[in-house]
Amino acid sequence: MSKENNERTDQQNKEALENQSEMTDKEKQSDELHKIVHLSGMYKDWFLDYASYVILERAVPHLYDGLKPVQRRIMHAMKRLDDGRYNKVANIIGYTMQYHPHGDASIGDALVQLGQKDLLVDSQGNWGNILTGDGAAAPRYIEARLSKFALDVVFNPKTTEWKKSYDGRNDEPLTLPVKFPLLLAQGVEGIAVGLASKILPHNFNELIDACIAYLKGKDFELLPDFPTGGIADFSKYNDGIRGGSVKIRAKIEKEDKKTLKITELPFGKTTQSLIDSILKANEKGKIKIRKIDDNTSEFVEILIHLPSGTSPDQTIDALYAFTDCEVSISPNSCVIENSKPVFIGVSEILKYSADNTVKLLKQELEIKKRELQEAWHLSSLEKIFIENRIYHDIEECETWESVIKTIDKGLEPFKKNLLREVTEEDIVKLTEIKIKRITKFDVKKADEYIKGIEDELKEVQTHLDNIIDFTINYYKQIRKKHGDGRDRKTEIRNLDTIAATQVVVANEKLYVNREEGFIGTSLKKDEFVSECSDIDEVIVFLRDGKYIITKVDDKVFVGKDIIHVAVFKRNDDRTIYNVIYRDGLNGSIMVKRCAIKGITRDKEYDITKGTSKSKILYMTANPNGEAEIVKVYLRPRPRLKKPIFEFNFSELAIKGRQSMGNILTKYAVHKIVLKDEGVSTLGGRKIWFEDEVLRLNADGRGEYLGEFHGDDKILVITRSGNYRLTSYDLMNHFEDDVMLVEKFRPEKIFSAVYYDADLEYYYVKRFTIDPTDKLTSFIGDNEESKLLQLTEVEYPRLEVSFGGRHKDRENEIIEIADFIGVKSYKARGKRLSNYEVKVVKELEPLIVKEEKPEEQQHNEENDEQDNSQMSLFKNGKDN
């Protein structure tokens with residue numbers, strides 16, 4: 001009994017120990033679960049993992065093939081599906097999902113973007129429109145296949161490095177063996193975690209030219225080219241590296257005086273987004289338009305109708321200043337190299353691509369060389385085996401080993417002539433030759449086949465020895481085969497900076513309350529000053545000589561006793577202020593003339609000496625430097641000999657705004673009245689034309705056109721044979737094909753040689769310009785007619801050479817002044833020759849017109865201003 005009790009006690013103790021042990025394990029597990037883990041550490045590790053994944057596997061392209069992972073997987077899937085026919089995009093998306101783990105939406109979007117770039121993907125169906133922003137149709141309705149270009153330059157399984165797909169079931173390329181700077185041709189934009197990549201697209205043919213130049217050791221320059229065209233300023237491109245910027249403008253033409261036409265878009269904008277920005281600017285009063293028509297289909301055509309009295313030139317500048325017609329893009333060239341993001345310029349990317357192309361072509365040649373050597377080796381063994389009847393020696397062999405040894409022994413005398421050792425595998429292949437092949441073996445054909453292989457080997461070896469020349473020729477073949485129709489779309493031009501205050505529409509009215517000292521746009525019951533815009537600045541003068549520049553606002557206190565208020569134009573050196581003021585309470589009467597070009601906004605200045613209790617007695621603001629005559633009445637006093645006298649402001653020099661001025665009189669003034677309105681003392685306005693930006697300026701940039709007064713005009717002649725007159729307003733716009741811009745002189749005679757498309761002959765004419773501001777053709781209305789040459793030389797001479805069936809005819813010299821008289825610009829002129837004309841060349845004139853003294857003086861002035869007169873022929877279009 002006691003034994004049973006002991007056993008029961010032992011069992012209870014054992015169970016208690018086991019329970020205690022289980023409780024200890026649970027407590028340990030609980031402690032582990034409730035162990036404190038710092039969130040910052042978790043966040044750091046997880047964030048870095050996520051950021052690295054997004055950078056390497058989602059957003060940033062690889063340096064060597066220029067593709068993001070999703071793009072690379074799409075290309076690989078399309079290659080696997082390729083049979084020369086179109087595949088449904090839905091099918092391509094589903095097939096790509098074997099390699100890409102992020103769903104069908106990302107794959108579909110990436111494929112549509114590739115198709116819209118029109119380089120790697122040959123698309124069929126509605127793939128959307130990059131001009132209008134319209135999206136593509138559903139994937140089940142559109143089709144795609146690889147383009148011929150992609151098949152030529154992107155794929156080669158023999159030189160491709162492979163890795164396992166995300167689920168380990170398939171192989172996918174690490175990078176594709178692209179033998180072309182694809183990254184620069186397509187451009188890319190990707191936003192990762194902590195960094196972004198934005199590489200602008202470049203021109204297909206220019207990239208090939210740059211690759212060839214690099215391989216030849218020459219310098220090259222790469223500038224972007226956008227599929228939407230436009231006009232771009234790349235002066236701050238900075239090789240596409242961070243910190244650079246590109247200014248892009250829409251191409252805007254003047255359809256007529258009341259209509260503007262947009263024909264090309266800034267990169268990244270659509271017709272709808274552009275129209276929205278224009279309407280928004282119109283609602284804010286920055287520009288004035290009547291309506292907009294969007295006629296875009298294959299090409300962009302947005303018509304902007306202007307209200308009556310609106311300047312089209314000023315509206316064009318305003319569109320650039322206040323709408324998306326001008327945008328600035330900041331490139332950021334970031335790529336993946338060796339599993340790390342690197343920031344390098346587009347020139348370096350192109351060099352990497354060219355070097356990689358050399359490497360890939362060399363690998364392909366080496367692979368081909370090995371294949372040819374193997375083919376030569378096996379063909380030679382086969383010839384030896386059959387020609388020397390070695391197969392007879394194995395008839396007595398009873399085992400496989402003896403067969404191998406017998407054949408090997410029979411080949412022994414010939415091994416020294418082979419390219420490599422004979423292996424057992426080679427001998428096995430010889431035993432597999434069928435009797436039919438042996439009986440029909442033709443030694444002559446075998447020798448020819450081997451000779452062909454040897455010739456190919458020599459060619460391959462030559463290419464390997466001259467791999468750079470081989471690569472250059474490869475690029476030339478790519479351009480020849482795929483470069484047609486890939487001309488530059490974006491015009492390269494230096495763009496001027498448009499001051500918004502100069503082009504903004506006056507959408508407000510400025511008022512002043514002189515007694516209380518307020519100005520603003522909301523003081524509608526007070527004195528009206530002028531129209532203004534909400535971004536203008538206003539200059540205000542007070543009676544005590546203080547003046548200030550402030551921004552237009554609803555209501556601003558500037559100081560009591562206002563004597564002058566006006567919209568202020570910065571850097572305006574033609575508005576001259578004529579001032580007469582009293583220096584202090586009893587000081588001398590001072591007079592001064594000055595311009596106020598630019599000062600700090602909302603800072604108080606003084607146009608007098610600054611003496612306390614000074615007072616302005618007379619003041620005028622003259623927009624063109626006019627100098628009036630005033631009559632000054634002095635206060636009566638004993639022995640005052642001349643109580644009234646006149647003063648002409650033109651006798652006083654214009655000085656700086658801080659000058660004290662000259663003493664007008666030391667006596668007290670009773671009043672000052674205007675006697676005669678003055679004329680400008682500044683002379684004419686000197687105007688220059690800057691060819692790089694196609695704009696006028698008064699700052700001395702470009703070609704000097706002359707000094708302009710009043711109604712003087714500028715003559716514009718284009719290479720397409722049109723002319724027009726325009727004012728010398730600095731806001732004027734000029735045609736892209738401008739040929740000549742000069743001051744208009746009605747008496748000047750022009751001589752032109754042109755091809756008449758109606759009659760299919762060359763004509764020469766002499767004519768003067770009839771004044772008109774409408775673009776007018778002087779070579780006829782047929783668009784196929786073309787201007788060859790134009791001169792303003794008084795007695796020009798031409799040398800005409802002939803071609804075609806008349807190529808043996810002697811050249812003919814034509815004195816144009818004797819050949820034809822001066823007629824209207826509308827006249828057709830005189831046929832240059834009855835024979836087939838090849839080249840028209842200008843010769844030095846034998847007679848030089850003697851200049852009149854005034855003409856000589858004018859030309860000397862132009863020479864001083866570095867103005868090169870058009871003494872020789874200017875070329876229009878190529879003959």
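Which residues form one aromatic cluster together with Phe-226? The points below take up this question and then turn to the rest of the chain.

1. The cluster is made up of Phe-226, Phe-234, Tyr-237 and Phe-267. Please keep in mind that this is a predicted model, in which local features need pLDDT of at least 70 and side-chain atom pairs count only at pLDDT 80 or more, while totals for chains, interfaces and linings use all residues. Residues are numbered from 1 along each chain as its sequence is written, and side-chain values use heavy atoms, with hydrogens and water left out.

2. A search of the whole structure finds 25 aromatic pairs, where rings of Phe, Tyr and Trp (its six-membered ring) pair if their centres lie within 6.5 Å, and planes under 30 degrees apart count as stacked, over 60 as edge-to-face and the rest as tilted. Phe-226 and Phe-267 form a stacked pair, with 4.7 Å from centre to centre and 20° between the planes. Phe-226 lies in the loop between α8 (204–215) and β8 (231–233), and Phe-267 in the loop between β11 (259–264) and α9 (271–283), so this pair ties together parts that are 41 residues apart in sequence. Helices (H or I, at least four residues) and strands (E, at least two) are DSSP runs, numbered from the N terminus.

3. Phe-226 counts as buried because its relative accessibility is 1%, whereas Phe-267, at 22%, counts as partly exposed.

4. The rings of Phe-708 and Tyr-728 have centres 5.1 Å apart and planes at 35°, which means that the pair is tilted. Phe-708 is in strand β35 (residues 703–708) and Tyr-728 in the loop between β37 (722–726) and β38 (738–743), so that the pair links distant parts of the chain, 20 residues apart. Phe-708 is buried at 1% relative accessibility, and Tyr-728 is buried with a relative accessible area of 18%.

5. Charges also sit over rings in this model, which requires NZ of Lys or CZ of Arg within 6 Å of the ring centre and within 35 degrees of the ring normal. The charged end of Arg-242 sits over the ring of Phe-343, 3.9 Å from its centre, and Lys-555 lies over the face of Phe-518, at 4.6 Å from the ring centre.

6. For the chain as a whole, the secondary structure comes to 19 helices and 48 strands. Its radius of gyration (taken over C-alpha atoms, with a globule rule of 2.2 Å times the number of residues to the power 0.38) is 42 Å, well over the 29 Å that the rule gives for 879 residues, so the chain is more spread out than a compact globule. Of these 879 residues, 44% count as buried.

Terms used: Buried means under 20% relative accessible area, exposed over 50%, partly exposed in between (1.4 Å probe, protein chains only).
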